[in-house]
Amino acid sequence: MNDSPPRTFTVRILRQDLPGKQGYWNEFRVEYEPDMNVISALQKIAESPVTTNSQNVAPVVWECNCLEEVCGACTMVINGRVRQACSALIDNLLKDKAECIELRPMTKFPVVRDLMVDRSRLFASLEKIKAWVPVDSYYDMGSGSRQSQEQQQFAYEYSKCMSCGCCLEACPQFLKMELLKQPDETQEQFKIRLREAVDRSFIGAHAIAQVDLFNMNPIGAMNAGERLDALTAEGGIQVCGNAQNCVKVCPKSLPLTTAIARGGRAATIHSLKKIFDW
Ligand code: SF4
Ligand code: SF4
Ligand code: FES
């Protein structure tokens with residue numbers, strides 16, 4: 001068997017020209033270089049976007065930013081697995097599936113164009129559960145409450161979430177929502193419509209983990225009740241079927257099953273307290 005890398009390889013891309021339009025496939029032949037990742041393959045395609053059947057086409061659109069698996073912007077489905085394009089090395093992909101690499105946009109978010117999707121829905125879930133520590137004022141009020149080393153370590157694992165969407169792509173309960181901004185709609189009207197739709201749909205594992213993170217923060221805990229209200233509202237933690245697909249695909253290895261178990265317990269106690277007015 002010949003172990004030397006191929007001189008060229010094929011990249012097969014599921015493309016879409018506009019939001020809501022029908023997708024189609026394009027194949028490109030890319031010259032191999034050592035240490036390439038999917039982003040550098042896409043850059044090579046952008047330099048000369050000619051398909052394998054010699055068609056000149058528009059350059060493929062994708063999103064990226066940090067190039068070190070920190071921002072989550074380049075998340076896409078690569079050879080059937082949702083992950084970041086910047087950390088997907090061509091050498092490894094060619095080992096898995098000889099000479100052809102398949103790229104698709106995530107399916108749970110509306111496609112903006114080609115491999116670029118609109119992740120607003122993911123951020124709207126974070127807004128719903130108030131994934132922040134409120135600030136009283138901007139005066140220097142001295143150091144905040146102390147947290148034990150164990151708590152800090154635990155919280156740190158949750159804080160690694162980069163809002164990439166992998167957990168949502170893999171989740172059977174997080175359903176596809178084709179919500180696009182209409183031409184006659186203002187940004188504000190679209191945000192309201194999106195908010196209403198998100199309020200009804202499942203918040204997702206990333207948001208459940210952030211409820212735990214912010215509720216364990218000594219200042220964030222002041223709004224714990226509101227977060228638990230959101231966690232138990234329509235589309236809350238009760239929708240989770242516990243299939244645990246999310247934890248398997250999280251690139252930052254967030255303890256999502258722990259978050260779901262702790263969230264479930266906190267939600268039950270919160271609901272009982274509300275029923276019995278404790
Ligand atoms: S455990 Fe819950 S959040 Fe995770 S994939 Fe399954 S249904 Fe989705
Ligand atoms: S929990 Fe993991 S998979 Fe989900 S958005 Fe955060 S980093 Fe991505
Ligand atoms: S470019 Fe930021 S995670 Fe890939």
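I looked up Phe276 and found its place in helix α10, residues 256–276. Helices (H or I, at least four residues) and strands (E, at least two) are DSSP runs, numbered from the N terminus. The model is predicted: local features need pLDDT of at least 70, side-chain atom pairs count only at pLDDT 80 or more, and totals for chains, interfaces and linings use all residues. Residues are numbered from 1 along each chain, chains are lettered from A and ligands numbered from 1 as written, and side-chain values use heavy atoms, without hydrogens and water.

I then checked the surface. Phe276 forms a nonpolar patch with Leu272 and Ile275, with about 310 Å² of accessible area together. Areas are Shrake-Rupley with a 1.4 Å probe, only the protein chains shown counting as cover. Patch members have over 30% relative accessible area and no salt bridge; nonpolar side chains are joined within 5 Å. A salt bridge needs a Lys or Arg side-chain nitrogen within 4 Å of an Asp or Glu carboxyl oxygen.

Next I took strand β3, residues 75–78. Thr75 and Val77 point one way, Met76 and Ile78 the other, and all are buried (under 20% relative accessible area, 1.4 Å probe, protein chains only).

I traced its partners; pairing takes at least two DSSP bridges. β4 (residues 81–84) runs antiparallel to β3, with 4 bridges. Ile78 stands opposite Arg81 there. The two strands form a hairpin with 2 residues between them, and Asn79 in the turn has a positive phi of about 45 degrees. β5 (residues 100–104) is also antiparallel to β3, joined by 2 bridges. In β5, Leu103 stands opposite Ile78.

Technical notes: Buried < 20%, exposed > 50% of the residue type's maximum accessible area, 1.4 Å probe, protein only. Patch = residues over 30% accessible without salt bridge, like charges linked within 9 Å, V, L, I, M, F, W, Y side chains within 5 Å.
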